[in-house]
Amino acid sequence: MASSSLLATQLAAAVVLSAMVGGAWSFTNVPPGPNITATFGGNWLTAKATWYGKPTGAGPDDNGGACGYKDVDKPPFSGMLACGNQPIFKDGFGCGSCFEIKCEKPVECSNKPITIFITDMNYEKIAPYHFDLSGTAFGKMAKGGLEEKLRKAGELELQFRRVKCKYPGGAKIAFHIEKGSNPNYLALLVKNVAGNGNIVEVDVKDKGGEFQPMKHSWGAIFRLDTPKPLKGPLSIRLTTEGGGKLVQDDVIPVGWKADTLIMSKIQFGG
């Protein structure tokens with residue numbers, strides 16, 4: 001994992017290369033910047049910002065996205081979302097991570113930081129770092145009453161930094177047992193993770209057994225294919241990008257069913 005100083009050096013190289021090819025931000029196919037990891041030092045970096053969807057919406061028409069989350073227009077996300085490019089989304093391992101963003105120009109910008117969640121992926125190679133924001137999040141960067149005028153800018157340059165995720169009201173981590181899951185195939189969506197926000201490893205243990213590593217499937221979803229049926233109750237162990245670990249024993253009950261939301265009793269520190 002790169003230190004903040006090394007990250008800045010690598011980013012500068014990416015920007016220089018993009019300028020050599022065609023002029024700073026004025027063309028597509030700009031090389032991506034280094035991955036923004038949980039150890040990033042917190043210095044402000046520069047990114048391109050665009051927005052999509054309804055002006056006051058959460059982005060995707062179905063209120064979903066490439067992380068697998070649903071109803072992202074509702075709490076705790078409340079539409080404050082972004083599609084991150086590859087060094088932010090990281091093939092799904094960036095899902096749930098949090099960033100502060102702010103803009104100085106145009107004049108409608110407040111230059112006050114707001115917090116967003118990564119819930120989707122964008123593939124536009126227009127900058128080393130690119131946030132394609134929901135209309136709601138883009139407007140929140142504006143001075144009071146100037147949200148619509150700022151959205152008319154279409155795209156702009158912003159400053160961003162990785163921050164810890166915080167969820168209100170003592171919210172706990174939730175597991176959604178995905179559709180199609182059965183005793184020989186378990187797929188779990190992990191959401192509402194405080195602290196680092198993103199999970200990089202999930203292990204599952206049947207009653208009386210040993211923890212088995214689940215494979216990353218896509219987005220924030222991990223899966224386990226097993227010839228020996230999982231009966232339950234099942235214990236889950238989580239590992240964040242920063243190396244933090246939590247275990248909840250017997251969180252998934254006997255007789256579990258697909259398409260079910262399980263609320264845990266655990267949470268990482270914010």
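Predicted model: local features only at pLDDT ≥ 70, side-chain atom pairs only at ≥ 80, totals over all residues.

Tutor: Searching the whole structure turns up eight aromatic pairs. Take Tyr-129 and Phe-160, one of them: their ring centres are 5.2 Å apart with 65 degrees between the planes, an edge-to-face arrangement. The two come from distant parts of the chain, 31 residues apart. Tyr-129 sits in the loop between β4 (114-121) and β5 (130-134), while Phe-160 belongs to strand β6 (residues 155-163). Tyr-129 has 0% relative accessibility, so it counts as buried, and Phe-160 counts as buried at 0% too.

Phe-160 has another partner in Phe-131: the centres are 5.1 Å apart and the planes meet at 65 degrees, so this pair is edge-to-face as well. Since Phe-131 lies in strand β5 and Phe-160 in strand β6, the contact ties together parts that are 29 residues apart in sequence. Phe-131, like Phe-160, is buried.

Elsewhere, Tyr-69, Phe-77, Phe-117 and Tyr-167 make up one aromatic cluster.

Rings also meet charges here. Lys-102 lies over the face of Trp-44, 4.2 Å from the ring centre. Arg-237 puts its charged end over the ring of Phe-211, 4.3 Å from the centre.

Now for a strand pairing: β13 covers residues 234-240 and runs antiparallel to β14, with five bridges joining them. Among the bridge partners, Leu-234 goes with Ile-252 of β14, and Ile-236 with Gln-248. Both strands belong to an open, antiparallel sheet of four, ordered β10-β9-β13-β14. β10 (212-213) and β14 (245-252) are at its edges with a single partner strand each, so one side of each has no neighbour in the sheet.

Terms used:
Residues numbered from 1 in each chain as written. Heavy atoms only, no water. Pairing = 2+ DSSP bridges. Phe/Tyr/Trp six-rings, centres within 6.5 Å; stacked < 30°, edge-to-face > 60°. Buried < 20%, exposed > 50% of the residue type's maximum accessible area, 1.4 Å probe, protein only. Lys NZ or Arg CZ within 6 Å of the ring centre and 35° of its normal.
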